[in-house]
Amino acid sequence: MAKSRLQKVLNVFVARQHIMIIISVAYLILTSGWILMGRSLRNNASFWDLSHVYLGLFAAFLAVSFLITTCLKGKWRQYFPWLIADFSQLKSDLQGLVKGKLPIAGGRGLFSIVEGLGLLIFLAVGLTGALWFVTQGSSDALMWRSYHIYCAKGFIGFIVVHVIFACLHLLDFIRN
């Protein structure tokens, strides 16, 4: 009975991962301009600093768990086909783009590869933020902070591309 209860909790968590990521990342990005941290979290840190650090650590956990759940049961091949040198659908999608055709969603094509890269960038943001937290106060903290900011900017770029792709997918869905 305890196993089934745990399984239900895990199923709910997995089902809600994406929305938890959207909400936490939106908060972290929208409030990042109010963060005043350098080498370490100050003793009198503001609400914004504290919420960014601790919600960021939760988001790092989400990045790891989302990568794991996304890759279960062989689904990693969908998001990372380049790991097995499968570029066939990507090539087909790119040829279709040249002819004015939208790539199909799913499979191992352009949309899925971009989503896989987004997963890796999200993981990099989480890991660099966690490493800043672990090394705070040391000489390495500022290095991890700068990597974290660089990765976060890359992730923001991914989010823009992801939203565009989602809109294109909806447009294609409406057409059909």
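These legends go with a few close-up views of the predicted model.

Some ground rules: this is a predicted model, where local features need pLDDT of at least 70, side-chain atom pairs count only at pLDDT 80 or more, and totals for chains, interfaces and linings use all residues. Residues are numbered from 1 along each chain as its sequence is written, and side-chain values use heavy atoms, with hydrogens and water left out.

View 1. Helices (H or I, at least four residues) and strands (E, at least two) are DSSP runs, numbered from the N terminus. The C-alpha atoms fill a box of roughly 55 × 50 × 35 Å along the principal axes. Of the 176 residues, 31% are buried, where buried means under 20% relative accessible area, exposed over 50%, and partly exposed in between (1.4 Å probe, protein chains only). Counting contacts (heavy atoms within 4.5 Å), residues 24 or more positions apart make up 62% of those with a separation of 6 or more.

**View 2. Helix α2, residues 47–71.** Its 25 residues reach 35 Å from first C-alpha to last, close to the 36 Å expected at 1.5 Å a residue; that expected span is 1.5 Å times one less than the number of residues. Among the buried residues of α2 are Asp49, His52, Phe66 and Leu67. Just after α2, Lys73 takes a positive phi of about 55 degrees.

**View 3. Ser51 in helix α2.** Ser51 counts as buried because its relative accessibility is 14%. Its side chain reaches the backbone oxygen of Trp48 at 3.2 Å. Leaving aside residues up to four places away in sequence, Ser51 touches Tyr27 and Gly56.

**View 4. Ser65, also in helix α2.** With 11% relative accessibility, Ser65 counts as buried. Its side chain makes a polar contact with the side chain of Gln17 at 2.8 Å. A polar contact is a pair of N or O atoms within 3.5 Å; within protein, one must be able to donate a hydrogen and the other to accept it, and residues adjacent in sequence count only if both atoms are side-chain atoms. Not counting residues up to four places away in sequence, Ser65 touches Phe13 and Gln17.

**View 5. Phe87 in the loop between α3 (76–79) and α4 (88–98).** Phe87 sits at 44% relative accessibility, so this residue counts as partly exposed.
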